[in-house]
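Please prepare a briefing on the structure shown below, with the points grouped by topic and each term given its cut-offs.

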Amino acid sequence: MQIKKSFSMSSRTGRDLQRYNHGCRQVVGCIPYRSKKTDQSSCVQGTPVDDLEFLLISSQKNPRMMFPKGGWEIDESLEEAASRETFEEAGVVGEVEVQEYLGTWSFKSKSQGTFHEGHMFPLRVTEELDDWPENTVRRRLWVNFSEAREVCWHPWMKEALDVFASKLSKRKEGPQIFHLLSDEGTVVCCS
C-alpha cells in the first residue's frame, strides 16, 4: 500500500499521541528495499533476495545501523506510521507491503529500559530523497542481504529480515511472474 500523502519536513516528537499495549510502547518499522541497479533488459523470473538491496540507517546518537522504525501514534494506521517513520528517518518513500506483514517482536529498549512491541513491514522504495527531516542526524547505507544481516544492530530486526527473505523465496516458488523491459524502459509483467 503506497501512502498518497505529503509529510512534514519536521519529525514528530514527544509521546503524547503514542500507542501502548499493556504498558509496551508500540513501534513500527520497515525494511526498505529496491532491485539492484543492473543493465539487464532480458526476461527474469521473480525477485530473489540476491537481486535486492536493503537500506539501513544510523542511529541518531551513535553509528549503529538499523532499519527505520518509530512510534505508532493514535491518529494514524499501522501502514501510515510505517511510511511516515521511513520517510522521516531514511528519506525514502514507497509502497508499504501490507500483505507481506513480517510480524511483531517484543524487545527491551536499552536507552529507556522499557519493553516495546515492534511491527515490521517490507517497503519497496520508489523514491530516494536528497532532503528529509533527519538527514542531518542519520546516515543511509544500501547493502545486500548478507551485509544487512551483518551490520544491523538489533537482533529482532535481523529476524524480521530473515522472515522477509523466507517470504521472498516462497514467492519465487509460486506462480512464475516475468518482468520485461520494453523499448521505452517501462516494465511489463506477464505470467
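Pro-122 is found in strand E9, where strands (E, at least two residues) and helices (H or I, at least four) are DSSP runs numbered from the N terminus. The model is a predicted one, in which local features need pLDDT of at least 70 and side-chain atom pairs count only at pLDDT 80 or more, while totals for chains, interfaces and linings use all residues. Residues are numbered from 1 along each chain as its sequence is written, and side-chain values use heavy atoms, with hydrogens and water left out.

- With a relative accessibility of 0%, Pro-122 counts as buried, a term that stands for under 20% relative accessible area, whereas exposed stands for over 50% and partly exposed for what lies in between (1.4 Å probe, protein chains only).
- Leaving aside neighbours within four places in sequence, Pro-122 is in contact with Ile-31, Tyr-33, Glu-95, Val-96, Glu-97, Glu-100, Leu-102 and Phe-164, contact being heavy atoms within 4.5 Å.
- Pro-122 and Glu-97 are 25 residues apart in sequence, and their C-alpha atoms are 5.6 Å apart in space.

**The chain as a whole**

- The chain has three helices and twelve strands, and buried residues make up 43% of its 191 residues.
- Of the contacts in the chain with a separation of 6 or more, 69% are between residues 24 or more positions apart.
- The accessible surface of the chain comes to about 10500 Å², of which 49% belongs to carbon and sulfur atoms; such areas come from the Shrake-Rupley method with a 1.4 Å probe, and for residues only the protein chains shown count as cover.

- E4 pairs with E2 in the antiparallel sense over three bridges, two strands being paired if DSSP finds at least two bridges between them, and Ser-35 stands opposite Leu-52 in E4.
- Four bridges join E4 to strand E10 (residues 140-143) in an antiparallel arrangement, in which Phe-54 stands opposite Val-143 of E10.
- The pairing of E4 with strand E5 (residues 65-66) is also antiparallel and has two bridges; Ser-58 has Met-65 in E5 as its bridge partner, and a hairpin joins E4 to E5 through six residues.

**Strand E7 beside E9**

- Strand E7 (residues 92-96) is mostly covered, as four of its five residues are buried.
- E7 pairs with strand E9 (residues 115-128) in the antiparallel sense over five bridges, and Val-92 has Glu-128 in E9 as its bridge partner.

**Core and aromatic pairs**

- The largest nonpolar core has 40 residues, and those with the most contacts inside it are Ile-31, Phe-54, Phe-67 and Met-120; a core is a set of buried Ala, Val, Leu, Ile, Met, Phe, Trp, Tyr and Cys residues joined through side-chain atoms within 4.5 Å.
- Helix H3 (residues 155-173) gives the most to this core, with seven residues.
- The structure holds six aromatic pairs, for which the ring centres of Phe, Tyr and Trp (its six-membered ring) lie within 6.5 Å, with planes under 30 degrees apart counted as stacked, over 60 as edge-to-face and the rest as tilted.
- The rings of Tyr-33 and Phe-164 have their centres 5.1 Å apart and their planes at 50°, so the pair is tilted.
- Because Tyr-33 lies in strand E2 and Phe-164 in helix H3, this pair ties together parts that are 131 residues apart in sequence.
- Phe-54 and Phe-145 form an edge-to-face pair, 6.3 Å centre to centre with 65° between the planes, which links strand E4 (residues 52-58) to helix H2 (residues 145-151) across 91 residues.
- Tyr-33, Phe-54, Phe-145 and Phe-164 form one aromatic cluster.

**Charges over rings**

- The charged end of Arg-34 sits over the ring of Trp-142, 3.7 Å from its centre, the criterion being NZ of Lys or CZ of Arg within 6 Å of the ring centre and within 35 degrees of the ring normal.
- Arg-64 lies over the face of Trp-153, at 3.9 Å from the ring centre.
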